[in-house]
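Student: I would like to learn how to read features off a model. Can we take them one at a time?

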Amino acid sequence: MNDNSGFIVIHRKILDWEWYGDTNTVRLFIHCLLKANWENKQWQGIEIKRGSFVTGRKILAKETGLSEQQVRTSLNKLISTNEITKRTTNKYTVLTINNYCKYQDYNQQITNNQPTNNQQITTTKQLNNKTNNNIINIYEFIEREFGRTLSSVEYEEINNWKDTELTRYAIKQAVLNNKCGVKYISRILSAYERENVKTVQQAQERERQYIEAKGKKKYNTNYVAPVPEWLNQETKRKEVVYTDELQREYEEFERAIKRK
């Protein structure tokens, strides 16, 4: 089920991880990262999601060189701190890496079948031409722009996005508007999709037209704001009450004259 090509990304922040000093737990966790599916796959008629894989305690012990007891202890530690979740049936166990996208999504991949010298030259050129925004993955990019870490719910939301120049532009626009929320950015991306906006240039033109239209509406002296229906009804009600009061006053005036 597992694809042995490709790589995972581990941030240096792992040095501050609470289990980093626990050799067995670190070894097991990294092994799980390497074993997890990088895309949804079928296994014996069921779908194993991205970031998950089918295994067992004995299999993990054999693959890592740990004893079954060590595997059990380390798994319990990882589960207790929400690093992984475990789903067990009477036939198999599925382990899932929580926030798997933090470790897997990365923009820079190198073709391995190039000659070594050519590969080194190409890699250097590619890296020199990339900005820091494109080298880091989208999750780190958003955390840097927001100035905070993302929640697990936000990671799941972002996992549905495509990491493109347009997406990163939308993120920056949200930050400029003081809207540091993933849901807000998702609405921008949905609007882009509805309006067939595919490039940053098209997005900028869309914004220019919106600002221009908003300005015309603001400064157009002939523009008449529509009157809300509730205001019309309130005005009519007041007119009726006002008319009735005048009528009663007039009738009382007539009766007073007759008495004289």
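Student: How many of the 5 residues of strand S5 are buried?

Tutor: Strands (E, at least two residues) and helices (H or I, at least four) are DSSP runs, numbered from the N terminus. Buried means under 20% relative accessible area, exposed over 50%, partly exposed in between, with a 1.4 Å probe and protein chains only. In S5 (residues 93-97), 4 of the 5 residues are buried, so the strand is largely enclosed by the rest of the structure. This is a predicted model: local features need pLDDT of at least 70, side-chain atom pairs 80 or more, while totals for chains, interfaces and linings use all residues. Residues are numbered from 1 along each chain as its sequence is written, and side-chain values use heavy atoms, without hydrogens or water.

Student: Which way does strand S4 run against S5?

Tutor: Two strands pair if DSSP finds at least two bridges between them. S4 (residues 84-88) and S5 run antiparallel, joined by 5 bridges. A hairpin connects them through 4 residues. Threonine 88 has threonine 93 of S5 as its bridge partner. Strand S3 (residues 52-55) is also antiparallel to S5, with 4 bridges. There, phenylalanine 53 is partnered by leucine 95.

Student: How many aromatic pairs does a search of the whole structure find?

Tutor: Rings of Phe, Tyr and Trp (its six-membered ring) pair if their centres lie within 6.5 Å; planes under 30 degrees apart are stacked, over 60 edge-to-face, the rest tilted. The search finds 3 pairs. One of them, tryptophan 17 with phenylalanine 29, is tilted, at 5.1 Å centre to centre and 40° between the planes. Both residues are buried. Tryptophan 43 and tyrosine 92 have ring centres 5.2 Å apart and planes at 75°, so that pair is edge-to-face. Tryptophan 43 is in strand S1 (residues 41-43) and tyrosine 92 in the loop between S4 and S5, so the pair ties together parts 49 residues apart in sequence. Tyrosine 92 counts as buried at 17% relative accessibility.

Student: What is the length of helix H9 from its first C-alpha to its last?

Tutor: The expected span is 1.5 Å times one less than the number of residues. H9 has 12 residues and reaches 17 Å, close to the expected 16 Å. Of those 12 residues, 9 are buried, so H9 is largely enclosed by the rest of the structure. The buried ones include Leu166, Arg168 and Val175. Just after H9, asparagine 178 takes a positive phi of about 60°.
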